[in-house]
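Have a look at the structure first, then read on.

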Amino acid sequence: MIDSAEPRQFEYPSFHQIFMYQALELAEQAAREKEVPVGAIIVHNNRVIAAAHNQRETLHDPTAHAEMIAITQAAESLQNWRLADCTLYVTLEPCPMCAGAILQARIPTVVFGAIDPKAGAVTSLYTLLSDSRLNHRCEVVPGILAPQCGDVLTEFFRARRAEGKK
C-alpha cells in the first residue's frame, strides 16, 4: 500500500543533464579508444549539431580536444564561424586553448561537468569566459553531472597507471 501522506519524489533529468549525458557517452567512447575521456556536443535550437571526443592520440594532433573538434563541426553545420544561439556541453572544464576557441566562436553558453584544477580556464585556474577585458563573455553553467564526468576520468587514469605498472 502506498502512503498517500508523502507523495513520491521523482528525479527527472534537467534540460542540461539530458545533453550532458550525450557528452558523457562520447567521453566513454574516447576512453575505449585510449583517449583522455572528454566528450563535447554543441546544441543549436534544441538540436545537436556537433558531437566529438578527444582524438589527440588518434590524430597525432595536440589541438584535437573534444571542444575544438565540436566547434569545427558546428561551424560547418551552420556554415558560419559565429556560433551564436549555440550551447556547448563538455564533460570537463575547458583548457585555455579551448576557452579561446569558444570566445572566438562567440558561443554564448558553456555547460561543463567536472572541474579541471590543473588546466581549467573557466573557473579553476583562469576565468577566461567571464573576463570583462575580452570582447565576448559566456554564460557558464558548471558542475552538471560532475560526479559522473569526474568518475570516467578517474577510472581512465587509474587504469592507465595500472597498465604502466605491468
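A nonpolar core is a set of buried Ala, Val, Leu, Ile, Met, Phe, Trp, Tyr and Cys residues joined through side-chain atoms within 4.5 Å. Keep in mind that the model you see is predicted.

**The core**

In the largest nonpolar core there are 46 residues, and those touching the most other members are Met20, Ile42, Ile71, Leu83, Ile102, Ile107 and Leu129. Several elements give two or more residues to this core: H1, S1, strand S2 (47–53), helix H3 (66–78), strand S3 (86–92), helix H4 (96–104), strand S4 (109–114) and H5. H1 provides the largest share, six residues. In soluble globular proteins, nonpolar side chains tend to be buried together.

What does Ile102 touch, leaving aside residues up to four places away in sequence? Its contacts are Ile71, Leu88, Pro94, Ile107, Val110, Leu129 and Cys138.

Now look at H3. With 13 residues at 1.5 Å a residue, H3 should span 18 Å, and this agrees with its end C-alpha atoms, which are 18 Å apart. Which residues of H3 are buried? They are Ala66, Glu67, Ile69, Ala70, Ile71 and Ala74. The cover over these buried residues includes S1, S2, S3 and H4. After H3 comes Gln79, which has a positive phi near 55°.

Is His65 buried or exposed? His65 counts as buried because its relative accessibility is 15%, and buried means under 20%. Not counting residues up to four places away in sequence, His65 touches Asn54, Arg56, Cys95, Met97 and Cys98.

**The salt bridges**

Side chains of opposite charge can pair when their charged atoms come close. How many salt bridges does the model have? The count comes to three, and the table lists them.

| Lys34 | Glu163 | 3.8 Å |

Why are Arg158 and Glu155 separated by about one helical turn? It is because they are three residues apart in helix H5. An α-helix has 3.6 residues a turn, so residues three or four places apart point the same way. Arg158 is partly exposed, with a relative accessible area of 46%, and Glu155 is partly exposed at 43% relative accessibility.

An unreviewed UniProt entry places the feature "domain: CMP/dCMP-type deaminase" at residues 14–136. Over residues 14–136, the chain is 36% helix and 21% strand, and the end C-alpha atoms of this stretch are 27 Å apart.

Note on methods
Residues numbered from 1 in each chain as written. Predicted model: local features only at pLDDT ≥ 70, side-chain atom pairs only at ≥ 80, totals over all residues. Heavy atoms only, no water. UniProt positions renumbered as here; feature names shortened; annotations may be inferred. Helix = DSSP H or I, 4+ residues; strand = E, 2+ residues; numbered from the N terminus. Salt bridge = Lys/Arg side-chain N within 4 Å of Asp/Glu carboxyl O. Buried < 20%, exposed > 50% of the residue type's maximum accessible area, 1.4 Å probe, protein only. Contact = heavy atoms within 4.5 Å. Expected span 1.5 Å × (residues − 1).
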